[in-house]
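Here is a friendly walk through one protein model. Have a look at the sequence and the structure, and then read on.

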Amino acid sequence: MTNKILIVEDEEDIVTLLQYNLEHEGFDVCTETDGGKAIEAVAANQPDLMLLDWMLPEKSGVEICRDLRENADFRNIPIIMLTARAEEADKVEGLSVGADDYMTKPFSVPELIARIRALLRRVRPTPAKGVLEFEDVKMDLETCRVTRGTRFVHLGPTEFRLLQFLMERPRHVFPREELLKSVWGNDIHVELRTVDVHIRRLRKAMNEGGEKDLIRTVRAVGYSIDTREPDEADTDGDTSVSEE
Ligand code: CA
């Protein structure tokens, strides 16, 4: 998944440098040069992380940081402060108003990128790295590649997360409510039926090469990944790919 970084910085050269390098590293980047519009930019872009300059026209980075931390919607956005100040007291002030990390200009871009990645990992730990395997299905969590035998399976991000969740505990039946909560998150209003829609897409992609159906539908309960043959008692009729 692509992380979106919002850069709030009034020095155009730094914005250009950062945007170029971050995009090169695979991040989505949005920018704002006016401190007074920083909060609006956060609301409009919903970034995964924010690089925030200290000295900005209209509103300082410290004020912006404080405002964000007092706002229930934006409280959890990871913030790295960028500043020309190097005094220990300033650093402490930056961190005490809620910045997660702090870099002093001039900074090394590779170090900044390393800190961005570290912060993203910390705030949103990714599940175990490596490869999940079940029967002929392989899921490489680092490259996000899924294969069945030698065939590459194309999955959207939601189907990928659904499959990952099922693969982490093979044969365990997950209620649809649990899948909804884990894959879509707590505060998103999604109907239970949405889970069924994405399971259907997942199943279609997984079985496209005529492989055995490993997604088991347990009627009125939920789903699992299992080798057990579907039977009338525990399927709701959507196990057949040919119906798609
Ligand atoms: Ca500045």
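Predicted model: local features only at pLDDT ≥ 70, side-chain atom pairs only at ≥ 80, totals over all residues.

Residues are numbered from 1 along each chain as its sequence is written, and side-chain values use heavy atoms, with hydrogens and water left out.

**Overall make-up**

The protein has 8 helices and 12 strands; these are DSSP runs numbered from the N terminus, with helices (H or I) of at least four residues and strands (E) of at least two. Of its 244 residues, 43% count as buried, where buried means under 20% relative accessible area, exposed over 50% and partly exposed in between, with a 1.4 Å probe and protein chains only. Contact means heavy atoms within 4.5 Å. Among contacts between residues at least 6 apart in sequence, 55% join residues at least 24 apart.

**Two nonpolar cores**

A nonpolar core is a set of buried Ala, Val, Leu, Ile, Met, Phe, Trp, Tyr and Cys residues joined through side-chain atoms within 4.5 Å. The largest one holds 27 residues, and Leu-163, Leu-166, Met-167 and Leu-179 touch the most other members. At least two residues each come from strand S6 (131-134), strand S7 (137-140), helix H6 (157-168), helix H7 (176-184), helix H8 (192-207) and strand S12 (222-225). H6 gives the largest share of this core, 6 residues. Beyond its neighbours within four places in sequence, Met-167 is in contact with Leu-132, Glu-133, Phe-134, Val-137, Met-139 and Ile-225. A second, separate core has 21 residues, including Trp-54, Ile-64, Cys-65 and Ala-99.

**Helix packing**

The table sets out two helix pairs. Axes are lines fitted to C-alpha atoms, for helices over the stretch in contact, and angles run from 0 to 180 degrees between N-to-C directions.

| Helix pair | Axis distance | Angle |
|---|---|---|
| H2 and H3 | within 10 Å | roughly 45° |
| H6 and H8 | 9 Å | about 85° |

Angles under 35 degrees count as roughly parallel, over 145 as roughly antiparallel, 65 to 115 as roughly perpendicular and the rest as oblique. H2 and H3 are therefore oblique to each other. Ala-38, Ile-39 and Val-42 of H2 make the contact with Ile-64, Asp-67 and Leu-68 of H3. H6 and H8 are therefore roughly perpendicular to each other. Here Thr-158, Glu-159, Leu-162, Leu-163 and Leu-166 of H6 meet His-198, Ile-199, Arg-201, Leu-202 and Met-206 of H8.

Glu-63 sits in helix H3 and is partly exposed, with a relative accessible area of 39%. Glu-63 and Val-97 are 34 residues apart in sequence, with their C-alpha atoms 8.3 Å apart in space. Gln-164 is found in helix H6 and counts as buried at 11% relative accessibility. From Gln-164 to Val-183 is 19 residues in sequence and 9.7 Å in space, C-alpha to C-alpha.

**Aromatic pairs**

Rings of Phe, Tyr and Trp (its six-membered ring) pair if their centres lie within 6.5 Å; planes under 30 degrees apart count as stacked, over 60 as edge-to-face and the rest as tilted. By this rule there are 2 aromatic pairs. Trp-54 and Tyr-102 form an edge-to-face pair, 6.5 Å centre to centre with 85° between the planes. Trp-54 lies in the loop between strand S3 (49-53) and helix H3 (61-69) and Tyr-102 in strand S5 (residues 101-104), so the pair ties together parts that are 48 residues apart in sequence. Trp-54 is buried at 4% relative accessible area, and Tyr-102 also counts as buried, at 5%. The ring centres of Phe-165 and Phe-174 are 4.9 Å apart with the planes at 50°, so this pair is tilted. Phe-174 is buried, with a relative accessible area of 2%.

**The calcium site**

Which residues are the protein donors of the calcium ion? They are Asp-10 (OD), Asp-53 (OD) and Met-55 (O), lying 2.1 to 2.3 Å from the ion. Donors are N, O and S atoms within 2.8 Å of the metal (3.2 Å for Na, K and Ca), and water is not among the atoms, so sites may look incomplete. Along the chain the donors follow the spacing D-x42-D-x1-M. Asp-10, in the loop between strand S1 (4-8) and helix H1 (12-24), and Asp-53, in strand S3, link distant parts of the chain, 43 residues apart. Asp-10 counts as partly exposed at 28% relative accessibility, whereas Asp-53 is buried at 2%.
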